[in-house]
Amino acid sequence: VLLSGGVDSSVVLYWAIRNYHEVSAVCLDYGQAHKRELAAARRMASSADVPFTVVRVLGLPSGKRGQGESAFIRGRNVMAVGIGASMVDTLGGDVLVGSLRTDPYPDCTPRFIADVSRAIASPPGAPRARVLAPLHDFEGKAAVIRLGLDMGVPLQRTWSCMLPRGRKPCRQCPSCVSRDKAFRTVVEQFR
């Protein structure tokens, strides 16, 4: 499981534990300013009791485009999938990503998932490797949160903010806005 420490990848981690015999988590340290996501990923893997690996990727630009905009690294998901594929290469297996088809990024679309899955396809005789996005059929992050609650995912341990203000989320970046809106929707549905 490509584990960022956010809601979606954490729910995918717990989904994988229910649907696979062996599960491990991989997190990329690509020099992101929001180091809290690395700590959240480590906590989540520990809570789920799965092996956890941090892969350091050096030399990437910060990706910050301007004041108040989210930190964005073009090709980050392509790189993450490639690293995940190389880690399952010897045994075969699936690379699971926590993307939703409703995410506004081109590297979260069903077409992207299908294309990278074909790109990492194993040569004849090699173990099978695929890229899967188990949450793609969900109608938004609120549905993911509901699944996470149903599975007992410790969502309070997740981190989504791309532009933290010290130890607190900014509540303004696209990740914070999406997360906060989804949690409000879930809370309203339980009232």
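Modeller: First, a word on terms: axes are lines fitted to C-alpha atoms, for helices over the stretch in contact, and angles run from 0 to 180 degrees between N-to-C directions. Helices (H or I, at least four residues) and strands (E, at least two) are DSSP runs, numbered from the N terminus. This is a predicted model, where local features need pLDDT of at least 70, side-chain atom pairs count only at pLDDT 80 or more, and totals for chains, interfaces and linings use all residues. Residues are numbered from 1 along each chain as its sequence is written, and side-chain values use heavy atoms, with hydrogens and water left out.

Biologist: Thanks! How many helices and strands does the protein chain have?
Modeller: The protein chain has six helices and four strands. From the N terminus on, their order is α-β-α-β-α-β-α-β-α-α.

Biologist: And how compact is the chain?
Modeller: Its radius of gyration (taken over C-alpha atoms) is 16 Å, close to the 16 Å that the globule rule gives for 191 residues, so the protein chain is as compact as a globular protein of that length. That rule is 2.2 Å times the number of residues to the power 0.38. Along the principal axes, the C-alpha trace spans about 50 × 40 × 30 Å.

Biologist: What share of the residues count as buried?
Modeller: Of the 191 residues, 47% count as buried. Buried means under 20% relative accessible area, exposed over 50%, and partly exposed in between (1.4 Å probe, protein chains only).

Biologist: Let's go to α5 and α6. At what angle do their axes cross?
Modeller: The axes of α5 (residues 141-151) and α6 (residues 174-190) cross at roughly 65 degrees and come within 8 Å.

Biologist: Which residues of α5 make the contact?
Modeller: On the α5 side they are K141, A142, I145, R146 and L149. The α6 side includes S178, A182, F183 and V186. Contact here means heavy atoms within 4.5 Å.

Biologist: Is K141 buried or exposed?
Modeller: K141 counts as buried, because its relative accessibility is 15%. Leaving aside neighbours within four places in sequence, K141 is in contact with D8, L100, S178, R179 and A182.

Biologist: What about the loop between α5 and α6?
Modeller: C173 lies in that loop, and C173 counts as buried at 1% relative accessibility. R171 is found in the loop between α5 and α6 too, but R171 counts as partly exposed at 48%. R171 also has a positive phi of about 70 degrees although it is not a glycine.

Biologist: Where is D49 found?
Modeller: D49 is in the loop between α2 and β2 (52-56). D49 has a positive phi of about 60 degrees without being a glycine, and D49 is exposed, with a relative accessible area of 71%.

Biologist: Switching topic: how many residues does the largest nonpolar core have?
Modeller: The largest nonpolar core has 29 residues, and those with the most contacts inside it are V11 and L13. Such a core is a set of buried Ala, Val, Leu, Ile, Met, Phe, Trp, Tyr and Cys residues joined through side-chain atoms within 4.5 Å.

Biologist: Which element gives the largest share?
Modeller: That is α1, with six residues.

Biologist: And which residues does L13 touch?
Modeller: Not counting residues up to four places away in sequence, L13 touches V1, L3, V23, A25, M44, A45, A48 and V50.
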